[in-house]
Every structure is written in C-alpha cells, then in structure tokens.
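User: I'd like to go through this one with you. Can you put it up?
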Amino acid sequence: MNNNGAAPSRGQVTGLPDWDRCGVMGVVNVTPDSFSDGGRWFDTTAAVKRGLDLVVQGADLVDVGGESTRPGASRVDEEEELRRVVPVVRGLASEGVVVSVDTMRASVAAQAVAAGAALVNDVSGGLADPGMIPAVAAAEVPFVVMHWRGFSDGMNSLAVYEDVLGEVTRELRARIDAVVSGGIAPERIVVDPGLGFAKNAEHDLALVAHLRDLRALGFPLLVAASRKRFLGRVLAGTADTAPPPARERDAATAAVSAIAAHQGAWAVRVHEVRATADAVRVARAVEGAL
C-alpha cells in the first residue's frame, strides 16, 4: 500500500472496464443441473432478467454459462449449449451489460462473442477444445485461464498434490505460456486458480490463503469461490456433520470475497451479488484509510 491510500494494483485487462476496486462477476447458469441454482434461470427471458437484476445489485459483469461443471457432471452437447447461451448473451449485451461467456467450446465462444460477449471464461484454460485458443485470439477478446486437470466426471480423482500452491502455480504458468504462444495477447489474460476443480477443501483453503502468491504470476486474478464445497465443509465444522446447502453459503462467499479483494484479486465470481458487492467496497474503503 502506498502512502496516499491507493488500492493495490490488481492489473488491467485490455477490452474491459478498469475498476478502482475488486470487480464483481455475477453468475447466470442457463442449466437444469448446476450445483447451486440449476433450473432457476433455464428460460431465456428469466436468465436475461436475472442478469439485469445482478447488475442492479452491484455486478460489474455477468458470466453466462450453459453447461454445468459441478463435480460429476456430464457434458451437454454443442447444439444445446449454443441454444441456451447465445440468446442470453445477446439479450444482456443489448442492454449494455458487460457479458462473459462461460464455455469450454470454441464454437460457443465465437458465437457468444459475435452476440456481444466481451470475455471468454474457459474453465479448462483452452485444454478441452484445441480450437479455443485460436478462436479467442482471432476475436481479440480477454480470456480467463483457469487451473484445470480434467472434466467434471473424473476431476475428483485428480485432486492429488504434494504442494498445491507450487503445483497450481507451475501448471497455470504452463497454460499461460501456451495461450500466449497461441496468439492471445498477454494484456488480455486473466488467471483463475480453479477452486473446487480437482481440489479438496484443504487445497482450496490453502490457495485462498496464498492468493498474493498467485498474483506474482503477473496477471489479473479471478477468484471463484461462490457456494463451493469447501465453504460447506468449513461451515459444517466437523467431518460427520452434513454441510449446509449451496444457497446457504452466501455469507461465507462474501467473506472469501473480502479476503480475495484484500489480497489483490481483480474480480470475484459469485451467484448472489449484493453481499459481495458490499464486501469488496468495504475492503476498498479500508485500503483507502491506511
């Protein structure tokens, strides 16, 4: 922190707004089977309304996804993903919303960008579809590179680490190098440690505790902890106590949002926006008072 109370540098992403604090990415799942809110926004009209409501609550951008990536989920086919996603992206973009598309498919990314999406959020970091990196490079839009070890139906078996921070950092660096080599400009890259993806609660908590170390990669950092299993495990308290349902983890999500903001995250991705929007603004006010 410098002496004039300026916020820590969070990085700037070419092609997206520059906020004076940690940004808030609201989630709209256009799916029947999301772990958190599957089916609630499956209709296009409902999904667009939900996205607009999130903006009113304080979201800086809205992430639209048509394929669940919860542990154990099976993939949706390409035609169905396009049917779910593209009309919602178009509807939100036409209202002036900054839209991100959450997809692992190059075709969905390309059509979503054509419909108005300003950012591609690929949980596989370009590994699931070899066409993704060329498509995003050609579109000249920002790209989220997430730490990923495999598809949802088998990722739990891949949660094996000797040094989770070191291994995630090395694997992210390798993906960043591949993305840059594929033609995506470094100034358009965001990194995401992939909380909950091929990680258990211990791994997730260790990564949250060391977000500043991940910032040392040199790229803006997106933190997506919202309602995830590790928060349920923390709230349960003991291994033999059932964790609360996903929708009862929003206060815990806001707590992680404040921690992430304090550690220099560029943005946090959340299902319920209002509490997190308050949390990141309080974090920024505290920074300004130092």
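User: Fine. What should I know before we start?
Analyst: This is a predicted model, where local features need pLDDT of at least 70, side-chain atom pairs count only at pLDDT 80 or more, and totals for chains, interfaces and linings use all residues. Residues are numbered from 1 along each chain as its sequence is written, and side-chain values use heavy atoms, with hydrogens and water left out.

User: How many salt bridges does a search of the whole structure find?
Analyst: The search finds 13. A salt bridge here is a side-chain nitrogen of Lys or Arg within 4 Å of a carboxyl oxygen of Asp or Glu.

User: What does Arg 50 pair with?
Analyst: Arg 50 forms a salt bridge with Glu 272, at 2.8 Å from N to O. Arg 50 sits in helix α1 (residues 44–57) and Glu 272 in the loop between β8 (267–270) and α10 (274–289), so the pair ties together parts that are 222 residues apart in sequence. Helices (H or I, at least four residues) and strands (E, at least two) are DSSP runs, numbered from the N terminus.

User: Arg 50, buried or exposed?
Analyst: Arg 50 is buried, at 8% relative accessible area, while Glu 272 is partly exposed at 26%. Buried means under 20% relative accessible area, exposed over 50%, and partly exposed in between (1.4 Å probe, protein chains only).

User: And Glu 81, which residue does its side chain meet?
Analyst: Glu 81 meets Arg 105 in a salt bridge of 2.7 Å, N to O. Glu 81 is in helix α2 and Arg 105 in the loop between β3 (99–102) and α3 (106–114), so this pair ties together parts that are 24 residues apart in sequence. Both partners are buried: Glu 81 has 0% relative accessibility and Arg 105 has 14%.

User: Which residues do salt bridges with shared partners join into one network?
Analyst: Arg 50, Arg 227, Asp 250 and Glu 272.

User: What about Glu 80? Which residue is its salt-bridge partner?
Analyst: Arg 83, with the closest N and O atoms 2.7 Å apart. Arg 83 is partly exposed, at 46% relative accessibility.

User: Switching to packing. How do α9 and α10 cross?
Analyst: The axes of α9 (residues 250–262) and α10 come within 8 Å and cross at roughly 30°. Axes are lines fitted to C-alpha atoms, for helices over the stretch in contact, and angles run from 0 to 180 degrees between N-to-C directions. The crossing is right-handed, meaning that the near helix is turned clockwise from the far one by less than a right angle.

User: Which residues make the contact?
Analyst: Among them are Thr 253, Ala 254 and Ser 257 of α9, and Ala 275, Thr 276 and Ala 279 of α10. Contact means heavy atoms within 4.5 Å.

User: What is in the largest nonpolar core?
Analyst: The largest core has 74 residues, and those with the most contacts inside it are Val 64, Val 120 and Leu 214. A nonpolar core is a set of buried Ala, Val, Leu, Ile, Met, Phe, Trp, Tyr and Cys residues joined through side-chain atoms within 4.5 Å. A second, separate core of eleven residues includes Val 13, Met 25, Val 144 and Leu 222.

User: Where is Val 85?
Analyst: Val 85 is in helix α2 and is buried, at 0% relative accessibility. Leaving aside neighbours within four places in sequence, Val 85 is in contact with Val 64, Gly 65, Gly 66, Val 101 and Val 108.

User: What about the backbone, say the phi of Glu 140?
Analyst: Glu 140 is not a glycine, yet has a positive phi of about 55°. Most residues other than glycine have a negative phi. Glu 140 lies in the loop between α4 (132–139) and β5 (143–146) and is exposed, at 56% relative accessible area.

User: And Ala 198, what is its phi?
Analyst: Ala 198 also has a positive phi of about 55°. Ala 198 is in the loop between β6 (189–192) and α6 (201–209) and is buried, with 1% relative accessible area.

User: Last one: where is Asp 204?
Analyst: Asp 204 is in helix α6 and is buried at 2% relative accessibility. Its contacts beyond four places in sequence are Leu 195, Gly 196, Lys 199 and Phe 230.
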